[in-house]
Amino acid sequence: MASQPSDAPVATATPPVHVAPTVVKIVIAGGFAVGKTTFIGSISDIDPLNTEAAMTEHSVGVDDAGGVTDRKTTTTVAMDFGRIALPGSLWLYLFGTPGQDRFLFMWDDLVRGAIGAVVLVDTERLDQCFPAVDYFEGRGIPFVVGVNCFDGVAKHQLEDVREALGLGPETPLMYTDAREKSATKQALIAVVQLAMKRIKDR
Amino acid sequence: MADLYGTQADDDAEDTYAVRPYAVTGGRVSAASADLPMEALVEASFSSEALRGLTPEKKKILQLATGQYQSVAELSAHTRLPLGVVRVLVTDLAEVNYLRIHTGGTAQDASTHDESGGLSLSLLESVLDGIAAL
């Protein structure tokens, strides 16, 4: 790296001997405290990192963590993310959305160029994932819905959840466990497969 | 757009940062930096003399991206600077060739994205195979 001429214009510089990895990303969305960071951490090569977007007036006085303080007492105006190195010099980033609706304005930046999204759902607080479902549906972004089974217990039938969320038959819906790498893997595979199907169906 | 990420003065920012974010960027909001994908990789390409005269924040970014690729998001996490600020600093450093920005695979890469912005099938196949093998 040190041998590269630092004064050469980037566009015309001698190509580096090593080639930078190709980066792709999948967005992990869902309501507050639904397990996004746990999901990312279950498969990431690095401990989930946290990037802050310094909030200004957008975050003042509208905090609404109603009824979930038993599971998580604080939230930040930040995105947690992780990284997975895949064969073929591919790096997959997983970006968690900021936990609350009031940060929806940040999502356009997050989803730009993304493969698609996983929407995590807690059936005890189903309404919390409505903004995410609406957002991805409205923009035609491939997404799958993962019903996170806290404590490994599935409390609702998937078809009931599908109906409650108003999901069409084309949207993959599955049980998942944010703590389990194998379950996380299946959800990620489902997103990529959906993105591929969209292209093939065109 | 970029001011949403805290490049403007903000009372809360004083609690978190030693200097207000807008001071770190010299008060500027770079138009080019707003488009820099947060997953874009950064690689330092500087000689040690380059560090002279740089702000501590820029030095830190160059040090973090030396000998390893770091995404814009990772640089933000490790420097504890907001994403918008890191975008401006990285764009500045790239303009003087102290670092390289790699956007392969991001929305800015025409070889992996079709005209409607969707990823190419071959790249998705590689990602699928890679995840399945984890």
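# Exercises on a predicted two-chain model

At 16% relative accessibility, B:His102 counts as buried. The model is predicted, and the exercises below work through its computed values.

**Exercise 1. Describe the surroundings of B:His102.**

Step 1. Judge its exposure. The cut-off for buried is under 20% relative accessible area, and B:His102 has 16%, so the residue is buried.

Step 2. List its neighbours. Leaving aside residues up to four places away in sequence, B:His102 touches B:Ala40, B:Leu41, B:Glu43 and B:Tyr69, together with A:Ala20 of chain A.

Step 3. Look for a polar partner. The side chains of B:His102 and B:Glu43 are joined by a polar contact of 2.6 Å.

**Exercise 2. Summarise the build of chain B.**

Step 1. Chain B has six helices and three strands. Along the sequence they follow the pattern α-α-β-α-β-α-α-β-α.

Step 2. Of the 134 residues in chain B, 57% are buried. The chain exposes about 5600 Å², and carbon and sulfur atoms supply 49% of that area.

Step 3. Among contacts in chain B with a separation of 6 or more, 62% are between residues 24 or more positions apart.

**Exercise 3. Find which side of helix H3 of chain B is buried.**

Step 1. Helix H3 covers residues 56-64, and its buried residues are B:Glu57, B:Lys58, B:Ile61, B:Leu62 and B:Leu64.

Step 2. These residues cover an arc of only 165° around the axis, so they lie on the same side of H3(B).

**Exercise 4. Trace the salt bridge between A:Arg83 and B:Glu74, then two others in chain A.**

Step 1. The side chains of A:Arg83 and B:Glu74 meet at 2.5 Å, N to O. A:Arg83 lies in strand S3 (residues 78-86) of chain A and B:Glu74 in helix H4 (residues 72-79) of chain B, so the pair joins two chains.

Step 2. A:Arg83 is buried at 15% relative accessibility, and B:Glu74 is buried at 2%.

Step 3. A:Arg112 forms a salt bridge with A:Asp109, with the closest N and O atoms 3.1 Å apart. A:Arg112 is partly exposed at 29%, whereas A:Asp109 is buried at 4%. A network of salt bridges links A:Asp109 and A:Arg112 with B:Arg87.

Step 4. In the salt bridge of A:Asp177 with A:Arg179, the closest N and O atoms are 2.9 Å apart. Here A:Asp177 is buried at 14%, and A:Arg179 is partly exposed at 49%.

Step 5. The total over all chains is 10 salt bridges.

How values were computed
Residues numbered from 1 in each chain as written. Chains lettered and ligands numbered in written order. Predicted model: local features only at pLDDT ≥ 70, side-chain atom pairs only at ≥ 80, totals over all residues. Heavy atoms only, no water. Buried < 20%, exposed > 50% of the residue type's maximum accessible area, 1.4 Å probe, protein only. Polar contact = N/O pair within 3.5 Å; in protein donor to acceptor, adjacent residues only side chain to side chain. Contact = heavy atoms within 4.5 Å. Helix = DSSP H or I, 4+ residues; strand = E, 2+ residues; numbered from the N terminus. Areas by Shrake-Rupley, 256 points an atom, 1.4 Å probe, with all protein chains shown as cover. Arc of directions from axis to C-beta. Salt bridge = Lys/Arg side-chain N within 4 Å of Asp/Glu carboxyl O.
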